[in-house]
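I opened this structure to see how the chain is built. I then followed a few residues and a pocket. My notes are below.

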Amino acid sequence: MSAPALASALAQMQSLATQAGDAAAGQRLSTVAGDQDGFAGELKASIQRINQLKLQAGDTARAFQAGEPGVELDDLMVDMQKASVASEMGVQVRNRLVTAYKDVMNMQV
């Protein structure tokens, strides 16, 4: 996987994180060049964000089922779609990373 492809994937992940917005909306993913952890740190942060979205959707679903005031069906649907889109993005990034790893391992030196 080339550097532009990785940068594109990270930009897409940042876009999803920005659009999803949560309690920590002020914390944006840093760019690879400015982050001490590099790609591994970005990947870890993205996976944590996906997990957080899934947990938030689950909490909203439980609150809606319990009939808590202030939790509407549209809130539940939006949270579930955010989690679904984030999960699908994570799967696609994983698939690209696996393909890139296989390509590198099959290169002849």
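**Entry 1: a starting residue.** I began with serine 87, which lies in helix α3. Helices here are DSSP runs of H or I with at least four residues, strands are E runs of at least two, and numbering goes from the N terminus. I looked up the cover of serine 87 next: it is buried, with a relative accessible area of 19%. Buried means under 20% relative accessible area, exposed means over 50%, and partly exposed is in between, with a 1.4 Å probe and protein chains only. Leaving aside neighbours within four places in sequence, serine 87 is in contact with Ile50 and Lys54. Contact means heavy atoms within 4.5 Å.

**Entry 2: ground rules.** I noted that this is a predicted model, where local features need pLDDT of at least 70, side-chain atom pairs count only at pLDDT 80 or more, and totals for chains, interfaces and linings use all residues. Residues are numbered from 1 along each chain as its sequence is written, and side-chain values use heavy atoms, with hydrogens and water left out.

**Entry 3: the whole chain.** I counted elements: the protein chain has three helices and zero strands. Their order from the N terminus is α-α-α. Of its 109 residues, 24% count as buried. I also checked contacts between residues at least 6 apart in sequence, and 53% of them join residues at least 24 apart. The chain exposes about 7600 Å², with carbon and sulfur atoms supplying 57% of that. These areas come from the Shrake-Rupley method with a 1.4 Å probe, and for residues only the protein chains shown count as cover.

Entry 4: The expected span is 1.5 Å times one less than the number of residues. Why does alanine 86 count as buried? It does so because its relative accessibility is 7%. Not counting residues up to four places away in sequence, alanine 86 touches Ile50 and Leu53. Its C-alpha is separated by 8.2 Å from that of methionine 13, 73 residues apart along the chain. Serine 84, also placed in α3, is partly exposed, with a relative accessible area of 42%. The C-alpha atoms of serine 84 and leucine 53 are 8.8 Å apart.

**Entry 5: α2.** I saw that α2 has 29 residues and reaches 42 Å between its first and last C-alpha, close to the 42 Å expected. Its buried residues include Ser46, Ile50 and Leu53. Just after α2, glycine 67 takes a positive phi of about 75°.

**Entry 6: a pocket.** I turned to the second largest pocket, with a volume of about 160 Å³. A pocket is an open set of points on a 1 Å grid over the protein atoms alone, where a 1.4 Å probe fits, with protein on both sides within 12 Å along at least five of seven lines; lining residues have an atom within 4 Å of a point. Which residues line the second largest pocket? Among them are Met13, Ile50, Ser87 and Arg94. Helix α3 gives the most to this lining, with six residues. The lining divides into seven nonpolar, three polar and one charged.

Definitions and conventions
Points joined across faces, edges and corners; volume = space filled by probe spheres on them. Nonpolar A, V, L, I, M, F, W, Y, C, P; charged D, E, K, R; others polar.
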